[in-house]
Amino acid sequence: MLPTIDEIVSNFELLDDWEERYRYVIELGRMMEPLPEEAHTEANKVKGCASQVWLETRLDQSNGKPVLHLIGDSDAHIVRGLVALMIALYNGKTPEEALSTDALGLFKELGLAEHLTPQRSNGVRSMVERIRRDAQVAQAAL
């Protein structure tokens, strides 16, 4: 099970160098809820990522308050970890909360922005855009 985003931020603060942070991001990817094989579809594929990335977003209304439930996957270890970060950040938020969340600011705060290749940074932006689009669709459906 993934730690909360606050736990992840705290853990990042304890890691001194980029190598340790890199390993931690990969470990986050291993902790993610697995994406069922049938969800590896073209519709769930995130466009604009160099690696293959799939994100499935559902609106969970079982607790009365509609919140996003995300699961995802990637064919690359580090990218799978970046997907895990996105899920930790957005999962359980209302569509409105998701739309006001600054994922790129978090990546800067964690020191990830300066250590990602331009291709990976573009992929992160594509994931954020996809989640925001899904949140807008969910909000419109309410």
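Helix 3 first. Helix 3 runs for 14 residues and reaches 20 Å from its first C-alpha to its last. That is close to the 20 Å expected at 1.5 Å a residue. Keep in mind that this is a predicted model.

How enclosed is helix 3 by the rest of the structure? Of its 14 residues, 13 are buried, so helix 3 is largely enclosed. After the helix comes Gly-92, with a positive phi near 85°.

Now its partner, helix 2. Helix 2 covers residues 18–31, and helix 3 covers residues 77–90. Their axes come within 7 Å and cross at roughly 70°. Angles of 65 to 115 degrees count as roughly perpendicular, so helix 2 is roughly perpendicular to helix 3.

Which residues make the contact? From helix 2, we have Tyr-22, Val-25, Ile-26, Leu-28 and Gly-29. From helix 3, we have His-77, Ile-78, Arg-80, Gly-81, Leu-82, Ala-84 and Leu-85. Sort them by class and you get eight nonpolar, three polar and one charged.

On to the rings. A pair of aromatic rings is described by the distance of the centres and the angle of the planes. The model has two aromatic pairs.

Take Phe-12 and Tyr-24. Their ring centres are 5.6 Å apart, with the planes at 70°. Planes over 60 degrees apart count as edge-to-face, so that is what this pair is. Phe-12 sits in helix 1, residues 5–14, while Tyr-24 sits in helix 2. The two are twelve residues apart, and the pair links distant parts of the chain. Are Phe-12 and Tyr-24 buried or exposed? Both are buried.

The other pair is Trp-18 with Tyr-22. Here the centres are 5.9 Å apart and the planes make 65°, again edge-to-face. Both residues belong to helix 2. They are four residues apart, about one turn of the helix. Tyr-22 is also on the list of contacts to helix 3. Its relative accessibility is 30%, so Tyr-22 counts as partly exposed.

Last stop, Pro-66. Where is Pro-66? In the loop between strand 1, 53–60, and strand 2, 67–74. Its relative accessible area is 18%; buried means under 20%, so Pro-66 is buried. What does Pro-66 touch, leaving out residues up to four places away in sequence? Leu-59, Asp-60 and Gln-61, plus Thr-94, Pro-95 and Leu-142. As for Tyr-90, Pro-66 is 24 residues from Tyr-90 in sequence and 13 Å from it in space, C-alpha to C-alpha.

Notes:
Residues numbered from 1 in each chain as written. Predicted model: local features only at pLDDT ≥ 70, side-chain atom pairs only at ≥ 80, totals over all residues. Heavy atoms only, no water. Axes fitted to C-alpha atoms, helices over the stretch in contact; angles between N-to-C directions. Parallel < 35°, antiparallel > 145°, perpendicular 65-115°, else oblique. Contact = heavy atoms within 4.5 Å. Nonpolar A, V, L, I, M, F, W, Y, C, P; charged D, E, K, R; others polar. Expected span 1.5 Å × (residues − 1). Buried < 20%, exposed > 50% of the residue type's maximum accessible area, 1.4 Å probe, protein only. Phe/Tyr/Trp six-rings, centres within 6.5 Å; stacked < 30°, edge-to-face > 60°.
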